[in-house]
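Please look over the model below before reading on.

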Amino acid sequence: MVENNLKHILSELPPEVKLVAVSKFHPAEDILAAYNAGQRRFGENRPQEFAAKAASLPSNIEWHFIGHLQTNKLKMVLPYASLVESIDSLRLLDAVEKWGSEHDRVIDVLLELHLGAEETKGGLTEEEIEYILSLDSEAEDAATLPPKAVYQHVRFRGLMGMATNTDDVSVVEADFARIEAFKKSLEDRYDLPDFTELSIGMSHDWPVAIRHGATIVRIGTAIFGPRVY
């Protein structure tokens, strides 16, 4: 089942769009089935589950962390993550910078924009993202900035967002159009050579995301089926 689902989705995705197979709540054998079918990029959202899977599965898997990350769980995620897609607060960003400094690592991250109508969803405001990137783009003038404002151990790779949970496609279109326009405005105004990724779209709305510039889609249920645990 996993292999056929994966092949079907890959046949419909544009070749330039990266597929993150969201394997949260699914056992290692399901991940290996997708791995053996050629998939190398997987996403998890619970630190303990993430760390256990990363330690036991093939070392050439590209792991994306896609959930809310508490600052006291960084040690479970950052040693393994190729990309942290869910930087949703300044406090978390500063903690990731501190961890990277202590371990002599540069961590690739996406800044999560709060998109949908649900107040329960996390994420940064547009103003907070503007603030972060304006500081980072001025890093050469670090002497004029507070030390914590310069992120030397974080590489900003782009934006992540989740649309409103609704069957109304026009609402989803509007959410994705907003983040697409915001990303373009950031690229126009800041010197961000690595800021190339836009992670939007999941199992139920990824075709809409593709129309709005997604470079990464996060698909779980359509590959692995309903959650196992």
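## The largest pocket

Pockets are found on a 1 Å grid over the protein atoms alone: a pocket is an open set of points with protein on both sides within 12 Å along at least five of seven lines, and lining residues have an atom within 4 Å of a point. The largest pocket is lined by 22 residues. V22, K24, M202, G220 and T221 lie nearest its centre. The largest pocket holds about 480 Å³ of space, where a volume is the space filled by probe spheres set on the points, with points joined across faces, edges and corners.

The lining divides into nine nonpolar, nine polar and four charged residues. Here Ala, Val, Leu, Ile, Met, Phe, Trp, Tyr, Cys and Pro count as nonpolar, Asp, Glu, Lys and Arg as charged, and the others, Gly among them, as polar.

## Basis of the values

This is a predicted model, in which local features need pLDDT of at least 70, side-chain atom pairs count only at pLDDT 80 or more, and totals for chains, interfaces and linings use all residues. Residues are numbered from 1 along each chain as its sequence is written, and side-chain values use heavy atoms, with hydrogens and water left out.

## Helix α3

Helices (H or I, at least four residues) and strands (E, at least two) are DSSP runs, numbered from the N terminus. Helix α3 spans residues 47-56. Its buried residues are P47, E49, F50, A51, K53 and A54. Buried means under 20% relative accessible area, exposed over 50%, partly exposed in between (1.4 Å probe, protein chains only).

What do the buried residues of α3 pack against? They pack against α2 (28-36), β2 (41-44), β3 (62-65), α4 (74-77) and β4 (81-87).

## Aromatic rings

Rings of Phe, Tyr and Trp (its six-membered ring) pair if their centres lie within 6.5 Å; planes under 30 degrees apart count as stacked, over 60 as edge-to-face and the rest as tilted. The count comes to five aromatic pairs. F50 and F65 form an edge-to-face pair, 5.6 Å centre to centre with 80 degrees between the planes. This pair links distant parts of the chain: F50 is in helix α3, F65 is in strand β3, and they are 15 residues apart. F50 and F65 are both buried. The Y151 and F156 rings have centres 5.8 Å apart and planes at 90 degrees, so this pair is edge-to-face too. Y151 is buried at 6% relative accessibility, and F156 is buried at 5%.

F42, F50, W63, F65 and Y80 form one aromatic cluster. R40 lies over the face of Y35, 3.7 Å from the ring centre. The rule asks for NZ of Lys or CZ of Arg within 6 Å of the ring centre and within 35 degrees of the ring normal.

## Positive phi

F25 is not a glycine, yet its phi is positive, about 70 degrees. F25 lies in the loop between β1 (18-22) and α2. Is F25 buried or exposed? F25 is buried, with a relative accessible area of 13%.

D104 also has a positive phi, near 55 degrees. D104 sits in the loop between α5 (90-103) and β5 (107-112). D104 is exposed, at 67% relative accessible area.

## Strand β5 and L110

L110 is found in strand β5. L110 is buried, at 0% relative accessibility. Beyond its neighbours within four places in sequence, L110 is in contact (heavy atoms within 4.5 Å) with residues including L83, I87, R157, M160 and E197.

Methods
1 Å grid on protein atoms, 1.4 Å probe; cavity = no way out; pocket = protein on both sides within 12 Å on 5 of 7 lines; lining within 4 Å.
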